[in-house]
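Please read this note beside the model. It concerns a few places where the backbone calls for a second look.

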Amino acid sequence: MAAKDSETLSEQPETPFHDLDHYLAIPRVSGLALSPDGTRLVTTVATLGAKGTEYCTALWEVDPNGVKQARRITRSAKGEAGAVFAGSGDLYFTSARPDPETPDADPVNALWMLPSGGGEARVALSRAGGISGLLAARDADTLVVAASVLAGSTGEDNDEERRKARKDNKVAAILHSGYPVRYWDADLGPAQPRLFAVEPGERLEGGKPTTVDAAPPLNLRNLTPDAGSRLRDATSVISPDGRTIYSSLTKPLANADSRSVLVAVDVATGTRTVLLDTEGMSYFPGPVSPDNRSLVVVSESDTTPFAAPQVKLHLLDVAGQAAGASALTPLAHDWDRWAHPAAWLPDGSALLVTADEDGAAPVFRIGVAAEPGEPARVTRLTADAAAYSDVVVAPDGRSAYALRSSYEFPAEPVRIDLDGGGAVRLPAPAERPRRKGTLERVETTAADGARVPAYLALPDDASAANPAPLLLWIHGGPLGSWNAWTWRWNPWLLVARGYAVLLPDPALSTGYGQEHIQRGWGEWGKAPFTDLMTITDAVVQRPDIDETRTAAMGGSFGGYMANWVAGHTDRFKAIVTHASLWALDQFGPTTDAAQYWLKEMTAEMALANSPHHHVENIRTPMLVIHGDKDYRVPIGEGLRLWYELLAKSQLAADANGETDHRFLYFPDENHWVLQPQHAKVWYGVVEHFLARNLLDKDLPVPDELGL
């Protein structure tokens, strides 16, 4: 996968997956916004910068009719994101690019507007703390932004002064009085999120002559001044008429615990009303019906050491601001899937949702019952083995648009026929990347009779005469599924090097019903482990797989499971463990969300399922990978794992300090390793480690390591 010295046609790699530089340069599509009249469809595309050390985003317009080629509509070094259409048809987005009218000002993530009638984008509003998110009403000229303020600020001017004082005095300290204090890779505080209504300010009197496009400055009105830190990681939606915001709000509980309640915020007055607050349950808003009367609500029950969460859909009649769980109407509760509500049909007759389903994430239509007690009908609209997201509905209700990906291709925009079903690919900002290899759906049966499904990616030349070495990849979560394209764990990079890649969905995976999750709940080392070994046993019986050359790899929960595998079998030649849980008694109180983790297992269960108790059994070479900015699985897990491998495993460091284990450490990376130059090192070291232990080849490590 070494980079080429030139880009001449004769030196092009066979596919982008045969060269890491080409792989990293594949454009990445995310997000989708549809104009109120249905004529404009906008997505965001990330492309690799010239230095190869960062991605730059831009907005692209895609033809909803599938006729015209996609076209780029923004361009800047800082990039653009978060596109939403206002009811007027104007396109709003956020960007930290310099304002041409104030080029000397320090750039912040400002609110920009691209007029519906055409023209160049301009800054609509800028503030010292930046803008983090946008909400726009479909049927009204109401715009709401999410933005942070320093907790003690009395207003926008005071907030700017306080930020400047911290910056000028180089103060980074944060004084906490609550929990949590970190989230994924971000230190929380001292800034706190708020919701602001965007409103026209007063036009200056006696202004100088100007052009006809001049508009009064915009002002922000704080709708949630007393929210404290409770809007962090909140889910918020706005009603089509722009009158009400519905949002989850964190409710602090005793012993540093918390859950989410559902609130309504009146945009005109800022009055906040608690709609749903039930012990042992969290609530999150989905879309509001076209007539503004019904709110989709997602409920998630608190976990216990013996019960996995239950995720359900409901309807809440908000026309009269009904409150309390008794006001909820169940929606498709007999459907054994965890649905993600996406959009209403324009006539309010049905709701479109996505849900993990047997190695895919299709779009489903849930009919809204006309009569009380009538069961909701769930219809699958997309039949392919793909994952759909960012679903939006055309005003005529005949089509929907979404992003679609699978292990065959990365995310691309599609049009979905809501009458006959099926999806048609729209002309995209980038072509599908070429790849070699085949993808199969395989499965086996566990000892308890449960089905264990998986994907198997194979090199084209794998055969009985040329069996491929096998890589068992274990997904994270653990509540997740191998069903969508992934840039971090992309099997085609290793398939291009001759490996077969097995992607199983063992117990705890989503898309197979509540019982499949419950089978592994609180017992990570039992059914999830035996499921993985059972599907591996089945696949290595194939003549095109080399049973003598296998490795196991995983990240996060997958890394936990890789560690567990290492201590319970020596069947694999190598194990790669990324951002992994090692000592569960240590991990629980130090992760960024200990309040959730400590409800999932008792102390006794955590000890019984902790891989660190089995380090003395490890005789397989392990590649440990960890980033210091990983707050979900803190670096202490990787450091302790590395020390104990060298001190206690059967491949402990010898008298000269030598070992077959390796530790790839990223001081400035997080849970995922996002910077492209580090992703290149990640894959390069993984390939070196696998070749050394499975193929008896000594491939060089990346030059950038300086070794």
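The points below treat peptide bonds and then backbone angles in this predicted model.

1. Proline 180 belongs to the loop that runs between helix 2 (156-168) and strand 11 (182-183).

2. A cis peptide bond is also found where glycine 477 joins proline 478, with omega at about 0°. Proline 478 sits in a loop as well, namely the one between strand 33 (468-474) and helix 3 (491-495).

3. The next point concerns phi. Asparagine 255 is not a glycine, yet its phi is positive, at about 60°. The residue is placed in the loop between strand 16 (244-252) and strand 17 (258-266). Is asparagine 255 buried or exposed? Its relative accessible area is 79%; exposed means over 50%, so asparagine 255 counts as exposed.

4. Aspartate 390 also has a positive phi, of about 55°, and is likewise not a glycine. Where is aspartate 390 placed? It lies within strand 27, which covers residues 387-393. Aspartate 390 has a relative accessible area of 36%. Partly exposed covers the range between under 20% (buried) and over 50% (exposed), and therefore aspartate 390 is described as partly exposed.

5. The positive phi values may then be viewed at asparagine 255 and at aspartate 390, the former in a loop and the latter in a strand.

Definitions and conventions: Residues are numbered from 1 along each chain as its sequence is written. This is a predicted model: local features need pLDDT of at least 70, side-chain atom pairs count only at pLDDT 80 or more; totals for chains, interfaces and linings use all residues. Side-chain values use heavy atoms; hydrogens and water are left out. Helices (H or I, at least four residues) and strands (E, at least two) are DSSP runs, numbered from the N terminus. Buried means under 20% relative accessible area, exposed over 50%, partly exposed in between (1.4 Å probe, protein chains only).
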